[in-house]
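Here is a short briefing on one protein model. Keep the structure open while reading.

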Amino acid sequence: MSRKQHYDTLALTQSSIRLLNLTQRASALSLSSFLLLHLCAPLASTIAPRTKAESYASGFMVLGRVLYQGEWGEWIFVWGSAGVHVLSGVVGRVLKGVERRERSRRRRVDVRRDAEKGMGGEEELSLGGRIVELSPNDDDDDDDGSKSFSLDSTPASPPSALAYLPPISLHQITGYLLLPLAAHHAYLHRLLPSSPSPPISSLSPTLFSYSFVSYSLSSSHALASSIAYVAVLSIGSYHALAGIRRLADPTAPRGLRRRRDGRNGWRVAYVGVVGGVGIGLARLASEGRGVPEWMGRRYEEVLRRGLVF
């Protein structure tokens, strides 16, 4: 590949990465608005009067449904935003590996060109038959903004772009862990209740309220339900807050780590959100025995099909 082709490929890759970053940020804002509404319901149960936790949570849930479960709202703000966010993140990460590889190739071409000029037309600069090349960890962006750089004696044929993928952060790890958890949560709370087969018989949104959460946390499926709720809550809240932090301040460390100036507000926010929702779920569990028997049979079937623990 010629030097000009290296520059063209690098420029195209960098432009694509910028576009994907913008797309991911826009979809993150859309998902954040949905998440805020979604968490208002269990948070409301923490401040509800005694024996009113379920009714408070269900009331806020209805308000959220009006806003994001319209004819197109759910497809845009929930499913569409989630799909765009995940896809742009995965493709962007792969393209960053391509960018790092192309930058390494470009520098190698420049080193060879300069060597040819300085050595009177030698075809290549070599050390023991190997091209001097930047190692795949070149240009790693550390959390503190520093750069790492090294020269390795590597084969003339560079590795694939996968070898140049940037280090994965805790924020990204929680995002990948959240995928199966969020998919299961949507299956259990959104798709299964709409099944027309008895005894579920297409539970309407009016009937499928936070009484289902209360029932699931007080039935024979309480342990499995608690694990599912705690997992999606803790991992999802971390990923969302870390993402909002990066959107608000691109220079902030990845994840929710303390800044160098000692500020620890995002960790406090995380503990507050998880703790608040946890208290709300505990209060909902205490009201689960009040579900009518005929409704309990329908809820039981949803839990039997959806919980595979």
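Pro-199 sits in the loop between α4 and α5. The model is predicted.

- Is Ser-201 buried, exposed or partly exposed? Its relative accessibility is 34%, so Ser-201 counts as partly exposed. The cut-offs behind that call are under 20% for buried and over 50% for exposed.
- Ser-202 also has a positive phi, near 50°, in a residue other than glycine.
- Which residues does Ser-202 touch, leaving aside neighbours within four places in sequence? They are Pro-193, Ser-194, Ser-195, Pro-196 and Arg-298.
- Leu-191 is eleven residues away from Ser-202 along the chain. Their C-alpha atoms are separated by 9.8 Å.

**Helix α4 against α6**

- Two packed helices are described by the angle between their axes and the distance between the axes.
- Helix α4 covers residues 170-191, and helix α6 covers residues 222-248. They pack at an angle of about 135°, and their axes are 8 Å apart.
- α4 and α6 are therefore oblique to each other. Their crossing is left-handed.
- By class, this contact of α4 with α6 holds eleven nonpolar residues, eight polar ones and no charged ones.
- On the α4 side, the residues are Leu-170, His-171, Thr-174, Gly-175, Leu-177, Leu-178, Leu-181, Ala-182, His-185 and His-189.
- On the α6 side, they are Tyr-229, Ala-231, Val-232, Ile-235, Gly-236, Tyr-238, His-239, Ala-242 and Gly-243.

**Helix α4 against α8**

- Helix α8 covers residues 293-306. It packs with α4 at an angle of about 155°, with the axes 9 Å apart.
- That angle makes α4 roughly antiparallel to α8, because angles over 145 degrees count as such.
- The crossing of α4 past α8 is right-handed.
- α4 contributes His-184, Tyr-187 and Leu-188 to the contact. α8 contributes Val-302, Leu-303, Arg-305 and Gly-306.
- The contact of α4 with α8 has four nonpolar, two polar and one charged residues.

**The whole protein**

- How many helices and strands does the protein have? There are eight helices and three strands.
- From the N terminus on, the order is α-α-α-β-β-β-α-α-α-α-α.
- The protein has 309 residues, of which 40% count as buried.
- Among contacts with a separation of 6 or more, 73% join residues 24 or more positions apart.
- The accessible surface is about 17100 Å². Carbon and sulfur atoms account for 64% of it.

Methods: Residues are numbered from 1 along each chain as its sequence is written. This is a predicted model: local features need pLDDT of at least 70, side-chain atom pairs count only at pLDDT 80 or more; totals for chains, interfaces and linings use all residues. Side-chain values use heavy atoms; hydrogens and water are left out. Helices (H or I, at least four residues) and strands (E, at least two) are DSSP runs, numbered from the N terminus. Buried means under 20% relative accessible area, exposed over 50%, partly exposed in between (1.4 Å probe, protein chains only). Contact means heavy atoms within 4.5 Å. Accessible areas come from the Shrake-Rupley method with a 1.4 Å probe; for residues, only the protein chains shown count as cover. Axes are lines fitted to C-alpha atoms, for helices over the stretch in contact, and angles run from 0 to 180 degrees between N-to-C directions. Angles under 35 degrees count as roughly parallel, over 145 as roughly antiparallel, 65 to 115 as roughly perpendicular and the rest as oblique. A crossing is left-handed if the near helix is turned anticlockwise from the far one by less than a right angle, and right-handed if clockwise. Ala, Val, Leu, Ile, Met, Phe, Trp, Tyr, Cys and Pro count as nonpolar, Asp, Glu, Lys and Arg as charged, and the others, Gly among them, as polar.
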